[in-house]
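Welcome, and thanks for taking a look at this one with us.

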Amino acid sequence: MPMTCFKAYDIRGKLGEDLDEGIARAIGRAFAEALGARRVVLGRDIRASSESLAAAVAEGLVAQGVEVLDLGLSGTEEMYFATSHFATDGGICVTASHNPMDYNGMKMVKAGSAPLDPATDLARVKALAESGTFATAPQPGRVIPADGARDAYVARVLSFVDIPALRPLKLLVNAGNGAAGPTFDAIMTALAAKGAPLTIQRMHHQPDGRFPNGIPNPLLDENQPVTAEAVRASGADLGIAWDGDFDRCFFFDAGGRFVPGEYLVGLLAEAFLAKEPGAKIVHDPRVVWNTLDVVSAAGGQAIQSRTGHAFIKQAMRETGAVYGGEMSAHHYFRDFVACDSGMIPWLLVVELMGRRGQTLAQMIDARRAAFPSSGEINFRVADTAAAIARVEAAFAPDALSRDDTDGLSLAFADWRLNLRASNTEPLLRLNIEARANPDLVATRVDQIRALLTA
């Protein structure tokens, strides 16, 4: 039967409809056969369904003779790291990240923590899982603990930060009752042992698959006030929040203002270029002007990639880029197996605050003023192609340049738009940016909203 849980570059679906234990077991078997895998890392998030789904994946892998290195509760990035650290043939994390309660899914990599190619690797896994016909293994595999995985991961994460450069700061951290809490604590234990002068206030820290404080997705406007208010109330120098599998990291300045992801991309790009002049920086095509300006001024080389982790990682590996960033708060690092991490960014920001003696607002505000943006605005429309065509007809004739790398991007003298269909949800996503003119951003958003909802 067709498996509707296979998406553009991962697996995600509604429980009981698109995904269940039987499907998970078949995917485990198909993953092993498609990759010829003998050893596979397996992790899971805290969702109520993740433990049983991960057990089913493990059963499928074992049935194909695979030795499964079990991470247990972990972040997706811990699976990425462990896959290379243990030199296994692949890795799977059972997670639905920020999707609704009745969803789950899987993120998967092959040897070297490389993403599965959607057109070949992932397509073969899907075809095998749907066929239900698998080769018979000479003998079953087994499940063993991935001993030492977290300690090795923490050591790698801390290798990105110059601990003596840290200065006393108070951090307010919101794990959203997701998987981030235990991993953050392991990082803090290691930092404290090295004398890092950080004070931590934790909120919603205990992993809880019921998500009593809501699905952890700090990118949503409605989810940001709880962290913002806690930052202000606690007098913290910085607020940090994560999504469910903590591969995305979100920032709030000392005033509780949410910092859009594109400005973090510019800040981290600048930090890496200071250490490695002339390096390559990968970015997505949604909001680009701030990043291009920063990279050019710092003497780096900006490389545009399609949106999505599989495409960014491919560009990182092909070009040797030191860093890659998406405005959606995915940050990728060459020296972290070219994968995304939600723990490395906050460490780098804290180090920058120490080195420069500046607040996050002082480091970001001039960039926000120079290149204001709308943030990503989602639209549900009956006919996405027709809606895009209306925008194209209205604005493309006057554009100075056009780029179809990922959706429709049109640039003008003083503003720019990107309009694209989501890879993971039935949505159109709009981003507008301008040059030092937030009113123009608002005007263009209103004009395009009228066209999309006509």
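A residue is called buried when its relative accessible area is under 20%, exposed when it is over 50%, and partly exposed in between, using a 1.4 Å probe and protein chains only. By that rule Phe211, at 6% relative accessibility, counts as buried. What you see is a predicted model, where local features need pLDDT of at least 70 and side-chain atom pairs count only at pLDDT 80 or more, while totals for chains, interfaces and linings use all residues. Residues are numbered from 1 along each chain as its sequence is written, and side-chain values use heavy atoms, with hydrogens and water left out.

**The nonpolar cores**

- A nonpolar core here is a set of buried Ala, Val, Leu, Ile, Met, Phe, Trp, Tyr and Cys residues joined through side-chain atoms within 4.5 Å.
- The largest such core has 71 residues, and the members that touch the most others are Leu171, Ile187, Leu191, Leu198, Trp242, Met343 and Trp346.
- Helix α8, residues 261-275, gives the most to this core, with nine residues.
- Another core, of 34 residues, lies apart from it and has Leu19, Ala54, Val62 and Ala129 among its members.

**Helices and how they are covered**

- Helices (H or I, at least four residues) and strands (E, at least two) are DSSP runs, numbered from the N terminus.
- Helix α3, residues 76-85, is mostly covered, with eight of its 10 residues buried.
- Those buried residues of α3 are Thr76, Glu77, Glu78, Met79, Tyr80, Phe81, Ala82 and Thr83.
- After α3 comes Ala87, which has a positive phi, near 50°.
- In helix α5, residues 149-158, the buried residues are Ala149, Ala152, Tyr153, Val154, Val157 and Leu158.
- The cover over the buried residues of α5 includes β3 (67-73), α3, α6 and α11 (344-356).
- Thr291 lies in helix α9, residues 289-297, and is buried, with a relative accessible area of 2%.
- Beyond its neighbours within four places in sequence, Thr291 is in contact with Glu262, Val265, Gly266 and His283.

- Two packed helices are described by the angle between their axes and the distance between the axes.
- Axes are lines fitted to C-alpha atoms, for helices over the stretch in contact, and angles run from 0 to 180 degrees between N-to-C directions.
- Helix α13 (residues 384-395) and helix α14 (residues 438-452) pack at an angle of about 130°, and their axes are 8 Å apart.
- α13 and α14 are therefore oblique to each other; angles under 35 degrees count as roughly parallel, over 145 as roughly antiparallel, 65 to 115 as roughly perpendicular and the rest as oblique.
- The contact brings together Ala387, Arg390, Val391, Ala394 and Phe395 of α13 with Arg444, Gln447, Ile448, Leu451 and Leu452 of α14.

**Loops with a positive phi**

- Asn177 sits in the loop between β7 (169-174) and α6 (180-193), and its phi is near 60°, a positive value in a residue other than glycine.
- Asn177 is buried, with a relative accessible area of 5%.
- Phe211, in the loop between β8 (198-203) and α7 (225-234), has a positive phi near 45° and is likewise a residue other than glycine.

**Places where the chain comes back to itself**

- Gly181 lies in helix α6 and counts as buried, at 0% relative accessibility.
- Not counting residues up to four places away in sequence, Gly181 touches Ala175 and His205.
- Pro277, in the loop between α8 and β12 (280-283), is exposed, with a relative accessible area of 67%.
- Pro277 and Gly300 are 23 residues apart in sequence and 6.5 Å apart in space, C-alpha to C-alpha.
- Gly22, in helix α1 (residues 21-35), counts as partly exposed at 39% relative accessibility.

Key. Contact = heavy atoms within 4.5 Å.
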